[in-house]
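Biologist: I'm new to reading protein models. Could you walk me through this one, feature by feature?

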Amino acid sequence: MIILDRSYDMLSPVMHDYLYGPLLFDLVPMKGNTTTVKSGGNVINAVLDDSDGLWMKMNSLHLAEVLIRITDEFKEFVSSNTQKNMTKMKDSEVPDMDTMSSVLKEMPKYQELMRKYTIHLSLAQDCMKKFNEKDIKGLSILEQSIITGIDDKGTIVENKKIVSAISKLSKDYPKITEEDIIRILLMYLATYDLPKNDKETVIKSVTTVEKRDILKNLVNLGIGADIGAKKVQRREPKMSREEFELFKKRDSETKYQINRSIPKAAKVLLDAFKGNLPLDQFPFVANDKPENYKAKPKPAAGISIKKGNLNWADDKNDRENNPRLMLFMIGGLSHQEICHITNLQNGNYINSNI
């Protein structure tokens, strides 16, 4: 089990992504995990949770891939089920009640699935429209330069170039919202230590006192504190060669544009699976190897554990053949982090139950 604090990674929750789930919660009005879709003059409530199989299958995919897959699956679904029901009706020259009843009984199931396809096709199309209107792709390129310190070819991006791009946000992105500007400034302040005057200039670029406080309050998370920096310097390391190679591998496996960086929580799980967690940050995993688990765990005083309930905990073969990684983030995980962790697991980068 790995326990992290939200301040361990303040960048992932505010960066834009290309994945369907994170974009949906970013661009479409939501109440909790519920939104609405207009279809045929009707308003449909869409609840996005594990009861929606299509959502569970699609939410961590690239938005462009979701649009293609939903469209193709919808066409195939309509075609196959129309033929199936028509075949049933044609089996008899005069359909009897049993045949008609069988067809009608199946219709509610089809209607519910049709409803799911309609909902997600509409949501994905709405996401793509807003993605293009707000030029999220352009903002993501700038965000990735800030976070990683390099471009998609591995060339170092100098701070002057980043500052110049930030200063021209309103000009280069006419439809940018102040919320998106604040998000980029949050990333910049979380990535770079600035001299006091430079930091004050960045904060004053935001129009309202309330929103300036958002930037100032980073210090309460131990980020951007005045350490007496005499010049601008990165407080977060640039993307390493190993991380860049992982990006190139992930990039080669898709035909769509992806972010260079992955959330720190995903990196931690990947390093844990490989046994590469840095011991200066995670000293308690120094001896965390299967061969060291020999003694059976003892229940805490006052707790009764029935025999057999924790067999997996002291079963060496089970741990080796069915490894588990547990992550607890104090402050909660963002949609980006959950989706990237899912994709690392689905892509067999992490062969473990998470």
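Biologist: How much accessible surface does the protein have, and what share of it belongs to carbon and sulfur atoms?

Modeller: Accessible areas come from the Shrake-Rupley method with a 1.4 Å probe, and for residues only the protein chains shown count as cover. Here the accessible surface comes to about 21,100 Å², with 53% belonging to carbon and sulfur atoms. Keep in mind that this is a predicted model: local features need pLDDT of at least 70, side-chain atom pairs count only at pLDDT 80 or more, and totals for chains, interfaces and linings use all residues. Residues are numbered from 1 along each chain as its sequence is written, and side-chain values use heavy atoms, leaving out hydrogens and water.

Biologist: How many helices and strands are there in the protein?

Modeller: Helices (H or I, at least four residues) and strands (E, at least two) are DSSP runs, numbered from the N terminus. This protein has 14 helices and six strands.

Biologist: Which strand pairs with S2, and in which sense?

Modeller: Two strands pair if DSSP finds at least two bridges between them. In this model, S2 (residues 34-39) and S3 (residues 42-47) are antiparallel, with six bridges. Lys38 stands opposite Val43 in S3. Two residues sit between the strands of this hairpin, and Gly40 takes a positive phi near 60°.

Biologist: And helix H1: how many of its residues are buried?

Modeller: Buried means under 20% relative accessible area, exposed over 50%, and partly exposed in between (1.4 Å probe, protein chains only). For H1 (residues 20-27), six of its eight residues are buried; among them are Tyr20, Pro22 and Leu27. Over the whole protein, buried residues make up 38% of the 354 residues. For a contrast, take Pro174 in the loop between helix H7 (169-172) and helix H8 (178-191): Pro174 is exposed, with a relative accessible area of 68%.

Biologist: What about ring pairs: how many aromatic pairs does the structure hold?

Modeller: A pair of aromatic rings is described by the distance of the centres and the angle of the planes. Rings of Phe, Tyr and Trp (its six-membered ring) pair if their centres lie within 6.5 Å; planes under 30 degrees apart count as stacked, over 60 as edge-to-face and the rest as tilted. The structure holds seven aromatic pairs. In one of them, Tyr18 and Phe131 are tilted, at 5.9 Å centre to centre with 50° between the planes. That pair links distant parts of the chain, with Tyr18 in the loop between strand S1 (2-5) and H1, and Phe131 in helix H4 (residues 97-133), 113 residues apart. Both Tyr18 and Phe131 are buried.

Biologist: Why is the pair of Phe74 and Tyr117 edge-to-face?

Modeller: The planes of Phe74 and Tyr117 are at 65° and the ring centres are 5.9 Å apart, so the pair is edge-to-face. Phe74 counts as partly exposed at 25% relative accessibility, while Tyr117 counts as buried at 8%.

Biologist: Last one: how many residues does the largest nonpolar core have?

Modeller: In soluble globular proteins, nonpolar side chains tend to be buried together. A nonpolar core is a set of buried Ala, Val, Leu, Ile, Met, Phe, Trp, Tyr and Cys residues joined through side-chain atoms within 4.5 Å. The largest one here has 58 residues, and those with the most contacts inside it include Tyr20, Leu24 and Leu123. H8 gives the most to this core, with nine residues. A second, separate core has 18 residues, including Ile262 and Leu327.
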